[in-house]
Amino acid sequence: MNFTAPLKSDSIKIMLLGSGELGKEVVIEAQRLGIETIAVDSYNNAPAQLVANKSYTINMKNKEEILDVIRREKPTYILPEVEAINIQALFTAEEEGFHVIPNADAVNKTMNRKNIREFAAVDLGVKTGGYEFVSTYEGLEKAAQKMGFPCVIKPVMSSSGHGQSVAKSANDLQESWEIAKEARGDASELIVEEFITFDYEITMLTVRNEKQTVFCEPIGHIQQDGDFIFSWQPMNMSEEAKKKAQDIAKTVTDGLGGRGIFGVEMFVKGNEVYFSEVSPRPHDTGMVTMITQSQSEFALHVRAVLGLPLDYIDYGAGASAAYKARNDTFNPQIDIFDQSFTKDSIIRVFGKPQSHIGRRMAVALTFDKDSSDKALQKAKEIIGNFDDK
């Protein structure tokens with residue numbers, strides 16, 4: 001492959017539509033290869049905008065604003081990094097010859113839980129739990145009774161778990177309805193899911209291009225309010241369950257097509273594996289790969305986008321712990337004890353310009369050559385030393 005320098009007339013350009021902490025790492029990896037980077041988001045000084053060659057702040061739901069910045073910059077590759085985006089702009093960009101990663105249809109399917117669940121369960125025949133879609137409170141009551149309690153209630157479109165809740169009884173439905181309706185994204189329709197009494201849940205990071213498909217070691221994770229707080233790699237699971245998870249991930253990502261990394265979320269009970277969701281981009285639980293692999297999920301994503309080989313080395317076990325803000329402020333400050341910076345830890349402070357209670361602001365990554373349990377314990381201890389002002 002012929003590599004270029006940034007800010008030239010013939011530069012290879014990557015444009016991120018959405019510029020959070022995951023996009024920031026993608027930009028850094030792209031720049032290490034001399035790729036020109038353009039970070040676009042709906043607010044100023046988003047994490048990736050702080051490190052990109054160029055940045056734009058636009059209304060991400062406005063088709064014409066998205067197309068205007070695409071036509072102005074003429075990127076080689078367009079990487080949608082958030083769900084809350086005007087999908088028609090991506091289809092139009094593809095029609096005009098721009099390369100959307102992985103492709104506009106895959107983004108359309110995965111940004112909407114209804115689209116991806118029906119695509120996986122009906123079109124691909126992948127094993128999932130029971131589900132129904134509703135648009136009224138009366139429909140929610142009927143669907144919940146059919147699924148049984150507890151059940152999981154989510155908007156069909158939201159990001160980072162926003163709007164998700166578990167209704168343990170009929171008495172919880174009103175609160176779940178209100179939580180879903182207040183979520184950012186499209187809450188006009190909700191998905192009501194059977195609560196699978198799983199043993200654990202995993203993310204199977206799956207990297208693909210036209211040449212090969214590669215799986216990272218499975219990542220275990222714990223979520224709170226639909227958003228991850230701890231993850232660890234590798235997840236200790238049977239070879240049978242791991243093979244089933246890889247088969248499901250390959251079926252889903254082959255069905256979606258295109259280049260890049262996919263975070264395929266699944267529930268595991270014994271040796272049974274159930275598909276849950278998939279994101280066609282780096283996954284928040286996959287930040288742990290920055291300490292466990294020679295090529296992080298972000299480096300692998302960039303390699304896949306460029307059509308490069310996808311091999312990497314596993315260093316050992318690791319874990320990540322997210323730090324969420326405890327205050328609302330336009331001048332975030334995080335107090336981290338010096339002892340958190342150890343020989344087997346990495347701290348990432350995202351540099352977000354504003355915090356609100358529950359917003360993810362930093363992450364602690366820890367390494368242990370042999371034990372992900374020990375790495376997770378270290379991560380929990382370190383994140384316990386964080387505080388914000």
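Let's start with helix 2, residues 63-73, and helix 3, residues 87-95. Their axes come within 8 Å and cross at roughly 35°. Keep in mind that this is a predicted model. Helix 2 passes helix 3 in a right-handed crossing.

Who touches whom? On the helix 2 side, look for Lys-63, Ile-66, Leu-67, Ile-70 and Arg-71. On the helix 3 side, look for Gln-88, Ala-89, Thr-92 and Ala-93. Sort the residues of this contact by class, and you get five nonpolar, two polar and two charged.

Next pair. Find helix 1 and helix 10. They pack at an angle of about 60°, and their axes are 8 Å apart. That angle makes helix 1 oblique to helix 10. The crossing of helix 1 and helix 10 is right-handed.

Now the contact itself. Helix 1 brings Leu-22, Glu-25, Val-26, Glu-29 and Ala-30. Helix 10 answers with Phe-298, Ala-299, His-301 and Val-302. Between helix 1 and helix 10, the contact residues divide into six nonpolar, one polar and two charged.

How big is its volume? About 220 Å³ for the second largest pocket. There are 14 residues lining it, and the closest to its centre are Glu-29, Arg-32, Ser-294, Ser-296 and Ala-299. Which elements give two or more residues to this lining? Helix 1, residues 21-31, and helix 10, residues 297-306. By class, the lining of the second largest pocket has five nonpolar, four polar and five charged residues.

One more pair: helix 6, residues 137-147, and helix 7, residues 173-181. They pack at an angle of about 125°, with axes 11 Å apart. So helix 6 and helix 7 are oblique to each other. Their crossing is right-handed. From helix 6, the contact uses Tyr-137, Leu-140, Glu-141 and Ala-144. From helix 7, it uses Leu-173, Gln-174 and Trp-177. The contact of helix 6 with helix 7 has five nonpolar residues, one polar and one charged.

Now leave the helices and turn to the backbone. Where is a cis peptide bond? One joins Ile-101 and Pro-102, with omega about -5°. You'll find Pro-102 in the loop between strand 5, residues 99-100, and helix 4, residues 104-110.

Another cis peptide bond joins Gln-233 and Pro-234. Here omega is about 0°. Pro-234 also lies in a loop, between strand 13, residues 227-233, and helix 8, residues 239-256.

One last stop, Leu-7. What is its phi? Near 65°, a positive value in a residue other than glycine. Leu-7 sits in the segment before strand 1, residues 13-17.

Quick recap for your notes. Helix 1 and helix 10 pack against each other at about 60°, and both give residues to the lining of the second largest pocket. Helix 6 and helix 7 pack at about 125°.

How values were computed: Residues are numbered from 1 along each chain as its sequence is written. This is a predicted model: local features need pLDDT of at least 70, side-chain atom pairs count only at pLDDT 80 or more; totals for chains, interfaces and linings use all residues. Side-chain values use heavy atoms; hydrogens and water are left out. Axes are lines fitted to C-alpha atoms, for helices over the stretch in contact, and angles run from 0 to 180 degrees between N-to-C directions. Helices (H or I, at least four residues) and strands (E, at least two) are DSSP runs, numbered from the N terminus. Angles under 35 degrees count as roughly parallel, over 145 as roughly antiparallel, 65 to 115 as roughly perpendicular and the rest as oblique. A crossing is left-handed if the near helix is turned anticlockwise from the far one by less than a right angle, and right-handed if clockwise. Contact means heavy atoms within 4.5 Å. Ala, Val, Leu, Ile, Met, Phe, Trp, Tyr, Cys and Pro count as nonpolar, Asp, Glu, Lys and Arg as charged, and the others, Gly among them, as polar. On a 1 Å grid over the protein atoms alone, a cavity is a set of points where a 1.4 Å probe fits but cannot get out, and a pocket is an open set with protein on both sides within 12 Å along at least five of seven lines; lining residues have an atom within 4 Å of a point. Grid points are joined across faces, edges and corners, and a volume is the space filled by probe spheres set on the points.
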